[in-house]
Amino acid sequence: MSRARHAKPPRVGDSPAIRRALIASVLVVGAFLIFAPLVVILYQAFSKGFGFFAETISDPDTRHAIFLTVATALIAVPINTAFGIAAAWAITKFDFRGKRLLLVVIEIPFSISPIVAGVAYLFVYGLQGLFGPALDTAGIKILFALPGIVLASMFVTAPFVARELIPLMQAQGRDLEEAATSLGASGWRTFFSVTLPNIRWALLYGVVLCNARVMGEFGAVSVVSGNIRGQTNTLPLHIELLYHDYNTVGAFAAASILTVLAIVTIIAKVLLERQGAGRGGRPALAAPKAPPSQGHAP
Amino acid sequence: MSRRRVLPGLHLSLGITLFYVAFIVALPLGALIFKAASLGPEDYWRIVSSPRAVASYRVTVLCALGATAFNLVFGMALAWVLVRYRFPGRRLVDAIVDLPFALPTAVAGIALTALFAQNGWFGSALAPLGITVAYTPLGIIVAMIFTSLPFIVRTVQPVLEDLDPALEEAAQTLGGSDGAIFMRIILPLLAPALLAGVSLSFARSLGEFGAIIFIAGNQPFETEITALLAFIRLEEYDYQAAAAIASVLLITAFVMLAVTNLIQARALRYMDRSRS
């Protein structure tokens, strides 16, 4: 393989010994650390045969947990997506004071422990919280019900769509949209016919990641859901419950559903990255990826 | 930036953004800070400096340091191998690096526990060596390693890809050995990205909950992490203690966020300069 590039002088670490040693050690550690958990989930899930697996999956409590997880995602992800688009539009198409602060605040949930998020929501909507008593008298149930789960999920995933769109729309500038509006297109028309086609892959990328996190969120949801079996247990919480009931095979069967989701997410991610998405949303040092000729924004 | 025409939608988009940020992000955090602040300094201090809380900080910070140190070396090696070498399965490895981000933490937690339990594949192999991972601090470290692994790989990878080969070539013509070039040319260029990855990885480890609680023994003073202690106080209906301990995690997260932003800002400036 390396002979194909014989024209170039060998670079640092290209000596065969180092090369082989590094590849081998990385692959071995990676197999133990990343691949083995995947294998063990599927192995455990089917360890009592396919019949038992199907039985666990079709158990009413598990089915309800799946339903609740999907329902949460169906509400939280679209709202989050709308927010992400709005935030990216406001931040990249206009100049206003406090923009940097806004960017930091949007990113905050990314660095906060999910437990903190859950506890924080308790102090807003719980009986000992800000609105709890008033909501209780009005008979509105937020905590230990679907709204609480949705809100907590929206908190933990708040940055997901915005952080994919902002760097991309920043790099694309405002010229196209300005041309469209000057030709008489309405704001919505400009967005749907000019902006959206340019950001669709990055948008989808953010949505896919957001969905994976919403469906898999554990810490924040476990605080606000109340863990009521068959009522407020999402799939990750149901896994914990089965696990602590010593129904290990059941827990892994339920876990295998989320594992399939994770694998689908990764495949979607790879495909979308081929379309150029995801570059801007890398955790750090994303800005230099923009074409250098552009000069640098703020 | 010259700007003559103004695009439509400022009020709508900024309105939605501010409402969402205020309602979803700022309000709960404000409520938490308010609750913790209403404790009064003496009670607050008594709770956050209680021996059990301090022990949980020690466990969390030490394990996070251990996990980050491991990820610094392994993440760096992984990024290097993915960028510098071509081998069969490279794309698969590159894709699977993201698994810890895509896999729900509870699923990771039970999977790692199954692997490292006494009768698990790894646990039974490690037992004769006298190493117990599950239900010990080592288990916490393993869970933290898993959940924060992609950070360092993904921060170092793009920088490594963009590294100018001319620098290495110059050093090689001057007779530098591979080791010397790596230590004195490549590593300093990667340092800002490594530092950013390390701070992200460390921050994530400090806050991790789902993966850890399954594999840690959750014994107070020994294998109880701070996030779990906050959760336990909540289950005991001790809301004030939960608020105080959660606020410690929140403040730590803010400090880590500030550090990360500072490092990134410096790194970007540095890269801008090295680019021109």
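Student: How far apart do the C-alpha centres of domain 1 of chain A and domain 2 of chain A lie?

Tutor: Residues are numbered from 1 along each chain as its sequence is written, and chains are lettered from A and ligands numbered from 1 in the order in which they are written. This is a predicted model, in which local features need pLDDT of at least 70, side-chain atom pairs count only at pLDDT 80 or more, and totals for chains, interfaces and linings use all residues. Domain bounds come from an automatic or database domain assignment. Here, domain 1 of chain A covers 11-45 and domain 2 covers 51-294; their C-alpha centres are 31 Å apart.

Student: How many residues of domain 1 of chain A are in contact with domain 2 of chain A?

Tutor: Two residues are in contact if their C-beta atoms, placed from the backbone, lie within 7 Å. Five residues of domain 1 of chain A meet eight residues of domain 2 of chain A in this way.

Student: How many residues does each chain give to the contact between chain A and chain B?

Tutor: Chain A provides 88 residues and chain B provides 90 residues. Helix H1 (residues 16-45) of chain A gives the most to the side of chain A that touches chain B, namely 15 residues.

Student: How many helices and strands are there in chain A?

Tutor: Helices (H or I, at least four residues) and strands (E, at least two) are DSSP runs, numbered from the N terminus. Chain A has 13 helices and zero strands.
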